[in-house]
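Subject: Structure handover

Hello,

Please find the structure below. My notes on its pockets, ring pairs and charged pairs follow.

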Amino acid sequence: MSGIVPLYMALLIPLAGAVLIVVLGRWPNAREASTLVTGVVLFGFVISLIPHVSGGASPAVLLAWVLPGLGLVLRLEPLGLLFALVASGLWIVTSLYSIGYMRGHNEAHQTRFYVCFAVSICAAMGVALAGNMFTLFLFYEVLTLSTYPLVSHHGTPKAMKGARTYLGVLVTTSVGFLLLAVVWTWVLAGTLDFREGGILAGRASDSVLLILLALYAFGTGKAALMPFHRWLPAAMVAPTPVSALLHAVAVVKAGVFTIMKVVVYIFGLDLLTTTGISVWLMYAAGITVIVGSLVAMAQDNLKRRLAYSTVSQLSYIVLGAALANAWGVIGGSMHIAMHAFGKITLFFCAGAIYVAAHKTEISDMRGLGRAMPITMAAFLIGALSVIGVPPLGGSWSKWYLALGALDAGQIVFVAVLMISSLLNIAYLIPIPIRAFFSKPADGSEPPRFHEAPAFCVAALSFTALGCIALFFLADDVYRLLAPLGGG
């Protein structure tokens with residue numbers, strides 16, 4: 001193992017935080033303070049890893065041997081560092097938001113909530129820093145199991161049904177397809193290590209490699225590639241901070257991150273380009289992008305509309321991976337961060353509306369901008385970033401994806417990106433327009449200023465500003481990700 005960097009601290013810090021939350025569970029202020037402090041410490045540690053990657057190093061650490069030649073390994077590389085930065089940084093903001101939301105809505109079982117949240121972040125760190133496919137698969141499963149109690153948090157029949165769908169789809173796809181792909185890769189290549197250029201070149205026929213890619217793509221259910229996407233709208237029964245975890249901080253990003261890692265480090269871009277075995281995946285992603293957007297337009301419930309929007313947006317990242325060129329991979333990887341900030345802002349706003357105004361349906365939100373101007377302004381910023389309007393971060397990732405499609409000679413996917421952006425406008429922008437420029441349906445005047453608790457407003461304001469900041473930090477993100485495309 002190269003380097004002396006204690007990567008295992010990325011796992012130990014959130015686990016220690018979970019233990020501390022249990023110990024301090026009887027004292028809410030101390031419990032929540034420990035959550036925030038743990039988040040800050042973890043984020044600080046992940047930031048300290050940036051110089052290693054910037055210097056071209058790839059430190060690794062062996063946690064344990066499982067079989068001869070197969071171990072639990074953590075390894076630092078650019079894509080993993082980006083995911084770790086997003087997950088650890090947004091954990092702090094989500095924890096801050098959770099304090100206001102959980103107290104403002106008088107949620108039960110708050111200690112259990114914060115403990116499961118910390119364990120899920122530990123799992124996300126394991127996925128981000130996995131040095132081989134076995135390690136990634138293990139932490140991928142831990143992430144599924146640790147988030148199940150969060151999805152079923154309310155304990156109602158509706159919540160339990162949604163949680164069963166969540167668990168059923170994710171476990172079925174990972175055990176039925178993803179595990180088979182991992183074992184098959186081990187048999188073909190004799191290793192599961194993530195290596196530059198991939199490990200499968202010359203190991204199997206094109207038809208076998210095509211089947212293997214399909215097993216990885218559909219086995220990674222967290223990427224929500226249609227038709228294995230039903231778990232995502234079903235999980236919207238969870239509290240809004242959990243929705244933020246699912247859509248922005250860890251779960252879905254772990255899915256598309258896995259597909260990107262498989263494309264870059266298991267198959268390799270050159271292999272996919274020369275064989276053409278990823279072309280079908282481009283079309284599967286493109287269909288999910290368009291259909292997800294169309295279904296989102298038909299939803300009146302705000303969280304369900306945002307959920308189907310996420311289904312669509314995740315396939316931007318899958319498309320970038322399937323294009324198998326530098327622009328596509330960088331654009332797709334960049335979209336992990338850009339979409340995270342935009343979508344977490346939208347979900348934070350949805351939760352704030354529920355806590356302050358007790359509204360969940362878009363048709364009931366007319367005139368709400370007068371009562372909640374900060375929340376609705378943040379919603380507009382998050383929406384514009386998801387759409388891809390400058391000067392917001394989402395514009396850069398879509399730009400690089402379009403360049404990737406052109407470079408691959410796939411003009412049809414430039415059209416897909418453009419049509420999708422128009423659909424984004426159609427299902428997102430009418431929400432703040434109605435809120436600011438329409439009166440309530442009953443003709444009454446809403447209160448002039450009635451925002452959610454301060455912690456909620458602070459968190460959504462921060463992430464909205466983050467959408468703007470990422471536009472100007474895009475060059476730094478590009479430089480971090482450039483090695484993925486051979487740059």
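A salt bridge here is a side-chain nitrogen of Lys or Arg within 4 Å of a carboxyl oxygen of Asp or Glu. By that rule Asp193 and Arg195 form one, with their closest N and O atoms 3.8 Å apart.

Two notes on the source. This is a predicted model, in which local features need pLDDT of at least 70 and side-chain atom pairs count only at pLDDT 80 or more, while totals for chains, interfaces and linings use all residues. Residues are numbered from 1 along each chain as its sequence is written, and side-chain values use heavy atoms, with hydrogens and water left out.

Salt bridges

The whole structure holds 5 salt bridges. For burial, relative accessible area under 20% is called buried, over 50% exposed, and in between partly exposed (1.4 Å probe, protein chains only). Asp193 is partly exposed at 27%, and Arg195 is partly exposed at 41%. Glu32 and Arg31 also form a salt bridge, at 3.0 Å from N to O, and both of these residues are buried.

Arg479 and Asp475 meet in a salt bridge of 2.4 Å, N to O. They are 4 residues apart in helix α22, which means a separation of about one helical turn. (Helices are DSSP runs of H or I with at least four residues, strands are runs of E with at least two, and both are numbered from the N terminus.) Asp475 has 45% relative accessibility and so counts as partly exposed. Shared partners join Asp475, Asp476 and Arg479 into one salt-bridge network.

Aromatic rings

Rings of Phe, Tyr and Trp (its six-membered ring) pair if their centres lie within 6.5 Å; planes under 30 degrees apart are stacked, over 60 edge-to-face, and the rest tilted. The search of the whole structure gives 17 aromatic pairs. One of them joins Phe83 and Phe257, and it is tilted because the planes are at 35°, with the ring centres 5.0 Å apart. This pair links distant parts of the chain, 174 residues apart: Phe83 is in helix α4 (residues 78–104) and Phe257 in helix α11 (residues 251–267). Both Phe83 and Phe257 are buried.

Tyr166 and Trp231 make an edge-to-face pair, 5.6 Å centre to centre with 65° between the planes. Tyr166 lies in helix α7 (residues 157–189) and Trp231 in helix α9 (residues 231–234), 65 residues apart. Tyr166 and Trp231 are buried as well. Elsewhere, ring pairs connect Trp327, Trp396, Tyr400, Phe471, Phe472 and Tyr478 in a cluster.

Pockets

A pocket, on a 1 Å grid over the protein atoms alone, is an open set of points where a 1.4 Å probe fits, with protein on both sides within 12 Å along at least five of seven lines; lining residues have an atom within 4 Å of a point. Points are joined across faces, edges and corners, and volume is the space filled by probe spheres set on them.

The largest pocket has a volume of about 1,100 Å³. Its lining has 40 residues, with Pro78, Leu82, Leu85, Val477 and Leu480 nearest the centre. Helix α4 gives the largest share of that lining, 8 residues.

The second largest pocket has a volume of about 610 Å³. It is lined by 27 residues, and Lys158, Met236, Val237, Ala238 and Lys303 lie nearest its centre. Here α7 gives the most, with 5 residues.

Regards
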